[in-house]
Amino acid sequence: MRISTNTFYDLGIGGIQQQSTALLKTQQQVSTGRRMVTPADDPVAAARALDVSQSLAIGQQFDANLDSVTGSLGMEEAILTSVTTLIQDVRTTAVSAGNAALNNSDRATLATELRGRYQELLGLANSTDGNGQYLFAGYRSTTVPFVETAPGTVEYRGDQGQRLMQIGPSRQVAVGDSGAEAFMRIKSADGTSQSLFTTLNNLIVALETPAGGSTQLTGSLNAAMANLDSALDNVLTLRASVGARMREAEAMKGTNEALALQYQQTLSQLQDVDYNKAISDLSRQEMGLEAAQKSYLQVAGLTLFDYL
Amino acid sequence: MGNSILGVGVSALNAAQAGLATSGHNISNASTPGYHRQQITQSTNVPQFTGAGYIGQGVHVDTVKRAYSQFLDNQVLQAQTQSSQLDAYYAQIQQLDNILADANIGLSPALQEFFSGVNDVAADPASTPSRQSLLGGAEALVARFHALDRRFQDIRDGVNAQLASSVGVINAYAQQLAGLNNKIALAQGNGQPPNDLLDQRDQLVAELNREIRVTTVKQDDGSYSLFIGSGQALVVGDRALALAAAPALDDPQRLDVAYVTEGTQMVLPQDSLTGGNLGGLLAFRSETLDSAQNTLGRVAIGLAQTFNDQHRLGMDLNGNMGGDFFSVANPTVIPGKGNSGATASVTIGDASQLTIADYHLQYDGVNWSLFKAGTGEPVAMSGAGTAASPFSADGLSIVITNTPAAGDSFLIQPTRNGARNFDVRISDPARIAAAAPIRTTTSLGNTGSARIGAASVESAANLPLPNDITLTYDSATNQFDVSGAVPAVAPLSYSDGSTLRFNGINLVISGTPANGDQFVVSTNSDGVGDNRNALILAGLQTRNTLAGGTASYQGAYSQLVSEVGNKTREVETGAKAQESLVAQTRQTQQSLSGVNLDEEAANLLRYQQAYQAAGKLIQVADRLFNTLLSLGNG
């Protein structure tokens with residue numbers, strides 16, 4: 001077959017260009033560390049990589065939420081521990097007030113001590129987190145939840161909401177409890193609810209009243225102790241719930257970490273270049289390019305005009 | 001005697017000279033594009049009859065023939081025009097492919113940032129800094145959509161510009177070809193083929209083929225007639241017709257290729273124009289660019305509408321119901337030229353039903369019908385087209401006003417400008433509706449063990465609540481009497497843990513209520529720590545809200561990336577394959593028509609020797625004559 005001079009040049013240059021293009025592509029892969037220089041290199045993997053990146057980012061969000069949850073629940077746990085101790089102390093005082101040997105002024109002294117504890121309880125119930133938001137106000141976190149409207153009467157100004165946070169793809173957990181559940185809705189003997197403040201106040205008033213007949217005092221003390229027991233039960237139940245939530249948060253943290261690792265591995269498989277393969281491709285293509293260039297020079301140098 | 005030998009010698013000399021000149025011409029034009037090598041054809045002169053036989057009278061050159069095969073040249077043209085189309089398509093689609101997955105300009109990082117902001121508000125709804133950061137993320141998302149749309153628009157403008165310049169180039173070639181046709185017809189009148197002019201004309205046809213596929217028909221007088229598209233004549237004899245880039249019939253923003261005939265521009269059906277640069281640009285625009293921009297628009301519109309719908313169900317820091325968070329772009333409606341006064345106004349009904357097609361709405365005198373642009377597939381519409389009962393199809397809501405006339409038509413582009421007109425409508429952080437609009441209370445005076453759960457809302461029609469709603473349990477009927485509800489609500493029967501629904505509110509009461517226990521639903525005043533709506537908004541990120549419930553926002557965008565990526569790869573592979581086909585056909589054509597310098601060198605030697613031999617012959621003829629002359633002497 002006849003070969004024209006143009007064909008010699010076209011084929012030679014064409015070969016060199018092909019080798020250069022392949023070499024450049026491999027070089028880009030190696031320098032960026034990415035297997036896909038553009039999505040066209042592997043469209044399905046490119047789309048999947050975007051989806052997996054989103055899942056990874058959402059997982060990180062859950063982690064941040066979990067830290068916040070653990071923090072909030074820890075704070076609530078600490079407050080409730082103090083409240084538990086307080087109730088137990090008050091109960092002890094109530095028991096000792098039943099001692100027949102005490103006189104009015106002794107009981108008045110106890111009452112004064114209890115007044116102090118009353119204020120302490122009010123303070124605990126109005127605790128804030130680090131950002132100035134009240135822990136036991138439900139959704140009304142910038143409103144003071146417990147307000148003493150008249151001496152001995154405490155009104156709950158918060159609501160009964162519980163804030164939830166997303167800690168997993170389909171799992172939400174409550175990060176607090178409303179003041180109503182913790183301090184106001186305490187079942188008393190007749191089935192209705194009585195707040196802890198009212199119980200405490202009744203006890204104080206009973207101790208401050210000069211004892212007319214000891215039966216009245218005993219009755220009040222018994223009622224107070226029954227309510228205090230109920231309040232203690234309530235707080236302990238709440239603490240158990242908080243503890244369970246904290247355990248769940250811990251467990252979720254572990255699950256999320258494992259999941260994040262999976263996502264990262266998948267992402268790496270999709271996106272990262274295999275350096276071994278790429279570098280050996282690189283040296284092979286370099287050799288190919290050199291061979292194309294050298295052979296072109298040799299062939300192009302042959303012409304009959306040299307011999308005329 | 002000597003006379004005829006001299007004549008033979010001279011004829012040989014002339015032939016050798018012609019051969020040398022032709023070889024020289026071949027050598028100097030070895031790399032001229034479109035050159036076909038030329039050869040002289042020589043034949044013997046008429047012999048002279050003598051008693052001793054027929055004496056040959058030498059040689060004459062018949063013609064200079066070019067080594068041309070129409071079949072081989074045509075093969076190269078066909079391959080080249082397809083290759084030019086694929087190259088043009090690839091150059092355009094590559095730009096698109098690079099934008100979409102770029103970490104700096106792609107959509108995914110901005111989408112993720114935005115939803116991180118929503119999650120931050122869900123974590124701490126009362127905090128102004130986290131609300132501010134959500135607004136910042138929303139602005140960044142808007143900016144990203146706008147930047148992407150601008151790139152799409154730039155590419156679209158680039159296609160228009162290249163279309164116009166390609167049309168200009170085609171017209172210039174057509175003019176030149178007409179001129180050449182004329183010259184060739186004149187030159188051929190002399191009886192010999194004007195090889196170099198023919199080469200020039202063939203080269204022009206080859207260059208024209210790179211712009212658009214042409215069909216060539218050779219006429220009897222030697223001129224070429226060229227046809228494009230579905231048979232429109234571009235060059236006939238020495239007359240050239242022209243193409244023009246004119247606004248499309250249904251969309252004035254778009255340039256289409258038109259045919260100029262008798263002074264008017266007739267827009268050609270664009271899918272009949274294939275091959276070459278022009279074919280590549282047109283195919284890219286209709287197959288890839290339009291649907292890619294529409295897909296991006298659909299993501300923007302879907303995100304805006306679904307986010308707004310949920311945002312409106314929430315309550316902001318000021319105690320007001322949430323308004324629109326994003327602005328939802330309205331579909332573009334372009335009335336046809338020559339419409340009567342009828343107007344069509346189109347809004348987005350249900351974003352999850354939107355497709356990525358454009359539509360033609362047409363009136364035939366009796367009924368309105370809807371067709372998909374491009375394929376012409378009919379789409380069923382429900383409704384009557386009035387404001388009370390709009391036409392409804394594929395997520396669109398169409399209202400026609402004024403009286404239409406037969407032949408009225410509208411082009412509807414539902415999602416084309418979806419990304420461009422995507423915007424944030426809130427600038428005050430307090431207006432982010434993170435809270436739910438209602439709260440529930442289990443009365444402290446209750447004696448039963450039942451508790452009411454946090455309520456949710458599915459419609460904002462009866463909100464905010466004008467007054468508190470109280471549910472009182474009646475153990476005789478196992479029902480709740482509902483008081484304070486506007487509109488009023490009949491008693492609801494109770495079953496532990498089931499959902500009670502009224503006036504757009506859903507709530508769950510579980511446990512055992514005692515007779516007379518009360519549960520109150522009231523407006524969520526001062527509920528600044530409530531994040532219920534923010535949680536639902538954050539959850540939108542992973543819900544399948546688009547494309548009939550099959551894709552999330554990121555999912556729909558990933559589909560776009562993958563589709564464009566696939567098409568790019570397809571075009572790239574096609575272009576490479578076509579390139580090697582072009583190389584092969586060119587090689588075959590060159591093996592016949594190309595100049596081989598070594599061969600020409602050998603030819604030079606050959607003709608040179610023939611010239612020298614012919615010169616020797618003349619010398620001998622001269623000696624013979626001198627001999628004759630000297631016979632007379634002495």
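In this predicted model, the largest cavity is lined by B:Val118, B:Val121, B:Leu134, B:Phe307, B:His311, B:Phe325, B:Ile432, B:Ala433, B:Ala434, B:Ala534 and B:Leu537. Two or more of the lining residues come from each of helix 3 (108-123), helix 6 (276-311) and helix 7 (532-539) of chain B. The space inside the largest cavity amounts to about 50 Å³, and its lining consists of 10 nonpolar residues, one polar residue and no charged residues. In total, two cavities of 30 Å³ or more were found.

The second largest cavity holds about 40 Å³. Its lining is made up of B:Asn462, B:Leu463, B:Leu465, B:Ile469, B:Ala485, B:Val486, B:Asn503 and B:Ile505. Six of these residues are nonpolar and two are polar, with no charged residue present. B:Leu463 is joined to B:Pro464 by a cis bond with omega of about -5°, and B:Pro464 is located in the loop between strand 24 (456-457) and strand 25 (469-474) of chain B. The cis bond between B:Val486 and B:Pro487 has an omega of about 0°. B:Pro487 belongs to the loop between strand 26 (479-483) and strand 27 (492-493) of chain B. Most peptide bonds are trans, and most residues other than glycine have a negative phi.

Positive phi values occur at two residues described here. B:Asn402, which is not a glycine, has a phi near 70°. B:Asn402 sits in the loop between strand 19 (396-401) and strand 20 of chain B, and it is classed as exposed because its relative accessible area is 54%, above the cut-off of 50%. For B:Ala547, also not a glycine, phi is positive at about 55°. B:Ala547 is part of the loop between helix 7 and helix 8 of chain B. With a relative accessibility of 24%, B:Ala547 is partly exposed.

Among the open spaces, the largest pocket has a volume of about 1400 Å³. It is lined by 39 residues, of which A:Gln17, A:Gln18, A:Thr21, B:Lys576 and B:Glu579 are the closest to its centre. Both chains contribute: helix 1 (5-32) of chain A, and helix 2 (70-101) and helix 8 (553-593) of chain B, each give two or more residues to the lining. The greatest contribution, 14 residues, is from helix 1 of chain A. By class, the lining of the largest pocket comprises 11 nonpolar, 16 polar and 12 charged residues.

Helix 6 of chain B gives the most, with nine residues. The lining of the second largest pocket divides into 15 nonpolar, 14 polar and 13 charged residues.

On the surface, a nonpolar patch is formed by B:Phe625, B:Leu628, B:Leu629 and B:Leu631, which together have about 450 Å² of accessible area. B:Phe625 is situated in helix 9 (residues 597-631) of chain B. The relative accessibility of B:Phe625 is 46%, so this residue counts as partly exposed.

Notes
Residues numbered from 1 in each chain as written. Chains lettered and ligands numbered in written order. Predicted model: local features only at pLDDT ≥ 70, side-chain atom pairs only at ≥ 80, totals over all residues. Heavy atoms only, no water. Patch = residues over 30% accessible without salt bridge, like charges linked within 9 Å, V, L, I, M, F, W, Y side chains within 5 Å. Areas by Shrake-Rupley, 256 points an atom, 1.4 Å probe, with all protein chains shown as cover. Salt bridge = Lys/Arg side-chain N within 4 Å of Asp/Glu carboxyl O. Helix = DSSP H or I, 4+ residues; strand = E, 2+ residues; numbered from the N terminus. Buried < 20%, exposed > 50% of the residue type's maximum accessible area, 1.4 Å probe, protein only. 1 Å grid on protein atoms, 1.4 Å probe; cavity = no way out; pocket = protein on both sides within 12 Å on 5 of 7 lines; lining within 4 Å. Points joined across faces, edges and corners; volume = space filled by probe spheres on them. Nonpolar A, V, L, I, M, F, W, Y, C, P; charged D, E, K, R; others polar.
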